[in-house]
Amino acid sequence: MEKEMQIKRSGLIALGVLVILVVISFFIGGHDGKLHVYFLDIGQGDAMFVQTPGGKQILIDGGPDQTVLQRLGEVMPFYDRTIDLVVATHPDADHLAGLVSVLEKYRVASILETGMQCETALCAEWEKIVPKEQAVMNYGNLGEEINIEEGVKLLILNPFFELKDQKLSSRNNGAVVLKLMYGKQTVLLTADIEASIERKMLVSDLNLKADFLKIAHHGSKTSTTEDFLKAVAPKAAFIEVGRRNRYGHPTEEVLGRLENLSIPYYRTDTQGTIELVLDGKDYQILTGSPR
Ligand SMILES: [Zn+2]
């Protein structure tokens with residue numbers, strides 16, 4: 001009888017622990033019915049993680065090294081080893097290098113990239129590891145819409161044509177530009193595009209208006225022109241940039257343009273990982289401290 005009680009009690013304790021674990025992972029996993037965009041603090045480069053209300057996960061670029069694994073560990077549940085979509089905007093090391101370690105550690109269901117020609121050692125490594133992932137490949141371009149789940153989609157705004165196996169004079173300008181759309185709320189992610197592509201988008205009459213903007217090319221002065229900023233007219237801007245980087249990013253010029261238009265901005269070098277939370281109507285921006 002006593003033994004039976006003990007078994008019952010330990011069973012209850014086990015059940016209690018399980019419930020607590022499920023509740024904790026529910027909150028860590030961000031399943032709060034909102035859409036979360038994390039501008040990860042990965043040094044000089046880009047890496048953005050999106051968690052949708054329905055639990056889909058998207059990683060856009062991976063930063064310059066393995067730091068991204070640590071950062072993903074901070075925003076994903078500890079047991080989660082899958083990512084629905086990885087986007088490699090362009091094959092420069094400050095965006096692509098971290099994605100190699102992501103493919104090593106996570107099961108990735110689909111990969112969006114341009115497939116542009118690239119002959120670096122890093123690209124050779126990437127081209128070797130990608131087929132092993134057996135992910136669905138997408139070499140998307142302008143106008144393509146990717147449905148993530150009901151109410152959440154990605155719209156491709158650049159490149160203008162499929163770039164698979166094409167040799168480009170500027171990889172930055174071939175980069176994948178995405179508009180993340182969640183109901184009426186939109187986030188424009190401009191990778192490293194420069195002024196010439198901004199102009200091309202403007203004269204092509206693309207709908208650039210967005211509530212939030214990831215500043216192109218880490219705040220380089222050759223991007224984020226005044227005309228482009230006016231067309232996007234974001235409520236807030238985000239700059240992915242490394243502390244004391246050797247490029248002088250973000251530049252005084254870009255910060256000045258943002259200030260002139262009264263656009264508040266957040267930067268990963270001074271504020272660490274930045275979290276943008278969207279509920280379809282309102283938003284919240286949470287900043288950490290740089291590590
Ligand atoms: Zn870059």
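Reply: Gly62 sits in the loop between β3 (57–60) and α2 (67–75); helices here are DSSP runs of H or I with at least four residues, strands are E runs with at least two, and both are numbered from the N terminus. This is a predicted model, in which local features need pLDDT of at least 70 and side-chain atom pairs count only at pLDDT 80 or more, while totals for chains, interfaces and linings use all residues. Residues are numbered from 1 along each chain as its sequence is written.

Gly62 counts as buried because 31 other C-beta atoms lie within 10 Å. The cut-offs are 20 or more such atoms within 10 Å for buried, 12 or fewer for exposed, and partly exposed in between, with C-beta atoms placed from the backbone. Leaving out residues up to four places away in sequence, Gly62 touches Ala47, Val68, His95, Leu96, Ala97, Gly98, Leu99 and Val102; contact means C-beta atoms, placed from the backbone, within 7 Å. Ala231, on the other hand, is 169 residues along the chain from Gly62, and their C-alpha atoms are 28 Å apart.

Now for helix α3 itself. The axes of α3 (residues 93–105) and α4 (residues 121–133) come within 10 Å and cross at roughly 35°; axes are lines fitted to C-alpha atoms, for helices over the stretch in contact, with angles from 0 to 180 degrees between N-to-C directions. On the α3 side the contact uses Ala93, Leu96, Ala97, Val100 and Leu103, and on the α4 side Leu122, Glu125, Trp126, Ile129 and Glu133. By type, that's 8 nonpolar, no polar and 2 charged, counting Ala, Val, Leu, Ile, Met, Phe, Trp, Tyr, Cys and Pro as nonpolar, Asp, Glu, Lys and Arg as charged, and the others, Gly among them, as polar.

Thr120 belongs to the loop between β5 (107–113) and α4. Thr120 is partly exposed, because 13 other C-beta atoms fall within 10 Å. Past the other end of the helix, Gln134 lies in the loop between α4 and β6 (136–138). Gln134 has a positive phi, near 50°, without being a glycine, and counts as exposed, with 10 C-beta neighbours inside 10 Å. Thr224 also has a positive phi, about 55°, and isn't a glycine. Thr224 is buried, though, with 28 other C-beta atoms within 10 Å, in the loop between β11 (212–214) and α6 (226–232).

Two prolines are worth a look as well. Asn158 and Pro159 are joined by a cis peptide bond, omega about 0°, with Pro159 in the loop between β8 (152–158) and β9 (177–182). His249 and Pro250 are joined by a cis bond too, omega about -10°, and Pro250 is in the loop between β12 (236–239) and α7 (252–260).

Finally, the core. The largest nonpolar core has 64 residues, with Met48, Val86 and Leu189 making the most contacts inside it; such a core is a set of buried Ala, Val, Leu, Ile, Met, Phe, Trp, Tyr and Cys residues joined through C-beta atoms within 7 Å. Strand β4 (residues 82–88) gives the largest share, 5 residues. Not counting residues up to four places away in sequence, Leu189 touches Met48, Ile60, Val177, Leu178, Leu180 and Lys214.

Key:
Contact = placed C-beta atoms within 7 Å.
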